[in-house]
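Hello,

Here is the structure we talked about. Please open it alongside this message. My notes follow below.

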4 protein chains.
Amino acid sequence: MKLVLAVNFKVYESAFGIQAVDLAREARLLASRFNIVRIILAVPALSALRVLQDYDDVYLQHVDPIGFGAHTGFTPLEALKIEGVKGSIVNHSEHKITFRDLETIARKAGELGLEILACADTPQEAAAIAHLKPTMIAVEPPELIGTGTPVSRAKPEVITLGVEAVKRTADIPVLAGAGITEAQDAVRAVELGARGVLVASAIMKAKKPQEKLREFAEALATL
Amino acid sequence: MKLVLAVNFKVYESAFGIQAVDLAREARLLASRFNIVRIILAVPALSALRVLQDYDDVYLQHVDPIGFGAHTGFTPLEALKIEGVKGSIVNHSEHKITFRDLETIARKAGELGLEILACADTPQEAAAIAHLKPTMIAVEPPELIGTGTPVSRAKPEVITLGVEAVKRTADIPVLAGAGITEAQDAVRAVELGARGVLVASAIMKAKKPQEKLREFAEALATL
Amino acid sequence: MKLVLAVNFKVYESAFGIQAVDLAREARLLASRFNIVRIILAVPALSALRVLQDYDDVYLQHVDPIGFGAHTGFTPLEALKIEGVKGSIVNHSEHKITFRDLETIARKAGELGLEILACADTPQEAAAIAHLKPTMIAVEPPELIGTGTPVSRAKPEVITLGVEAVKRTADIPVLAGAGITEAQDAVRAVELGARGVLVASAIMKAKKPQEKLREFAEALATL
Amino acid sequence: MKLVLAVNFKVYESAFGIQAVDLAREARLLASRFNIVRIILAVPALSALRVLQDYDDVYLQHVDPIGFGAHTGFTPLEALKIEGVKGSIVNHSEHKITFRDLETIARKAGELGLEILACADTPQEAAAIAHLKPTMIAVEPPELIGTGTPVSRAKPEVITLGVEAVKRTADIPVLAGAGITEAQDAVRAVELGARGVLVASAIMKAKKPQEKLREFAEALATL
């Protein structure tokens, strides 16, 4: 499996309109150049189609445990299939859901051939989620998210324990996230056992998001 | 003000992909032909850009009381501005929010020049919401939604009381919804004092959604 | 109607066990001495029966829009009747509910003869809630709650506007809350048009809660 | 460890007032007679103190992931200590919480010496929760709750798989629940590997709740 560079656009201003397109184009370029790194863009539902015009490895940031029907304002998994979205982040630290909903989503996604990147605050939560066999699990200590203090430096044991805990239950790639600021933080996370990283503000709030994206891709490509 | 035909796509299968595009094209045709009727398409965030390629009077079905930032999987009002969406339904019977959030959304929408169609279960709730001065208020008794029993026949007093209750506080157009099945149900709602209707399954689950949309537009255009 | 001194115990340590009993006893003493002031103790469900052994004007801090039945961990209004609780705070700034739930609760409470003290963040929310005819409405700007900066000094217009806004719809007593620290803040709130106050930390976190309660009761009794 | 007969009072009418007291007294009698069976009464917060006057093995049905403080209408774990409640059900099918909250509650309960009976819909969820080391785990397929069709007859594999799945992670007793109607359903659950049962409507909605409670206790005592 390739190393994963998952970019959570969140809903920063750069996640919409022309800025989102610019990132999509850069991702396409980088993905073709560094084909040992898989770049996933996790985008807002509202700008997903815009990003998809230039890049095809796109996730949403949340999806609901429902099918097509009378659910005003929610997002059914089947809709991702129709619109060409590959999968979704779920249970992110900023958007926690019940385990029941996570279980429903993981099951439906499996049936539909959609991917799920499930987030966990702690190694224990990662171990718990492993029982649902999502495509990937990202471990992100919430107290470090957005701080600029990278988990791979400040709490390396969260990564190593998370990787071990998940492995005991299932062979699921573990990403590391929270506070990842520089490309070397991502490299360090992989050295600690992660199969990649989940990055957000470091890229989305950068002065030059495309350059920052390139730095991360280049650094991971050297591994 | 024009009469309003607001179509809540919900997340029926027809709300996505080519079916959504077909409805958008029909709406464009109808809007130009019957210019005394305003047709609003309230679409899922995920298919909004698709619909916007062919039609410009587009709402979302829900929006969050937040600005740009670290809010994974939510929708800030500012994003609607960037992406060309005119406004949003909020507080729909299937997606209730607190009054606090409704107040925040109404205020921010006003500042940004976005429109808000706020839903109410009852005349009392409509009266309450009127204090926030949304662009429109739709009164929909939840027990009739999706039943095929139109509010304008089964509970006409909900419309008349809703219209009166809102008027006492502010001059805000009131739409009627719930169970609206045939074009004549919409006509009847307007005769009862509504400025239009909020329709969903009658169109979205019709065998031929475009034809059904046309029937509603034509009927309202005769008023 | 008497002036109201409503004490929100919240879930401070002093809201449970012997400290709660001490406050109940002091309230009984004060209520008999200053019978122009109504003292309501709004207590946690878990300590309600303890408080009720010594004092009978007791509210809960939240109640659910449900009846008896299979609702593990929720609180039906009917239960208050059986256990001798007079009513409940609802929609407190720390426990917001949808307007739909508020409407259900207000209606059921009316049918059961229970009282509802509904909270509002703003004069607009107070005006909106007035349509539901709760027993009382408390206006509390959330940004002042727990700050020690009393609404009656920092934002007197919230009280006067709230009182006016409610009066336009229904004759419902309005209490003021948020940051009320000294007895004189309560007096000032009444002078601004409130029928009483909703106080929490000033009493519950006081070194001597009973003394603080007495100061408030004495001050209001002079009005 | 004793076999466990956990009675979820839910908020049936019999969960309050004199009916709750009658059940508490019967439980005391039975607990002393059949001391190989542990009877836990999981009661509403509002009637907990009433039940505690006659019986001391009492749980709540839900508790919040918070400490003492400004949390109007919620229940902190520390409050259980003060009021003499031994623990709480959490994550019941009718009151689902996020895994994050479950993790916080399990950790705080451990620190405070309180017990947690965590509910799971499925063997997978039970396996996941086992990583948090709660005192007990109850597996209850939600589709059988309240149906009168006992899990131990209709879906025995849920019990056996749940017991195995939990054992792989930690030595935590597993209870079975959902549709348990007759005492023999409880016996069958234990024969399948459960350490006891979680029962609700069978007792709480029985014409003679005390007699029903006795039947369950007697049957389990023969094992």
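Start with the chains that stay apart. Chain A and chain C do not touch, and 16 Å separates their nearest C-alpha atoms. Chain B and chain D are not joined by any contact either; their closest C-alpha atoms also lie 16 Å apart.

Please keep in mind that this is a predicted model. It scores ipTM 0.95 and pTM 0.94. Chain A has a mean pLDDT of 95. In that chain, 100% of the residues reach 70 or more.

Now the contact between chain A and chain B. Chain A puts in 34 residues, and chain B puts in 34 residues. On the chain A side, two helices each supply at least two residues: H2 (45-52) and H3 (77-83). Which helix gives the most to that side? H2(A) does, with 6 residues. By residue type, the side of chain A that touches chain B holds 15 nonpolar, 14 polar and 5 charged residues.

Next, a helix pair inside chain B. Look at H5 (residues 123-130) and H7 (residues 156-169) of chain B. Their axes come within 8 Å and cross at roughly 20 degrees. An angle under 35 degrees counts as roughly parallel, so H5(B) is roughly parallel to H7(B). The crossing of H5(B) past H7(B) is right-handed.

Which residues meet there? From H5(B) come B:Pro123, B:Ala126, B:Ala127 and B:Ala130. They meet B:Val158, B:Leu161, B:Gly162, B:Ala165, B:Val166 and B:Thr169 in H7(B). This contact of H5(B) with H7(B) has 8 nonpolar residues, 2 polar and no charged.

Last, the sheet in chain C. Here 8 strands form a closed barrel with parallel pairing. The order is E1-E2-E3-E4-E5-E6-E7-E8. On average, neighbouring strands of this sheet are turned by 25 degrees against each other, direction ignored. As a reminder, strands of a sheet pair through backbone hydrogen bonds, either parallel or antiparallel.

For one pair in detail, go to E5 (residues 115-120) and E6 (residues 136-139) of chain C. These two strands pair in the parallel sense over 4 bridges. To find your place, pick C:Ala118: opposite it stands C:Ile137 in E6(C).

Best wishes

Notes:
Residues numbered from 1 in each chain as written. Chains lettered and ligands numbered in written order. Predicted model: local features only at pLDDT ≥ 70, side-chain atom pairs only at ≥ 80, totals over all residues. Contact = placed C-beta atoms within 7 Å. Nonpolar A, V, L, I, M, F, W, Y, C, P; charged D, E, K, R; others polar. Axes fitted to C-alpha atoms, helices over the stretch in contact; angles between N-to-C directions. Parallel < 35°, antiparallel > 145°, perpendicular 65-115°, else oblique. Left-handed = near helix turned anticlockwise from the far one by under 90°. pLDDT = per-residue confidence, 0-100. Pairing = 2+ DSSP bridges.
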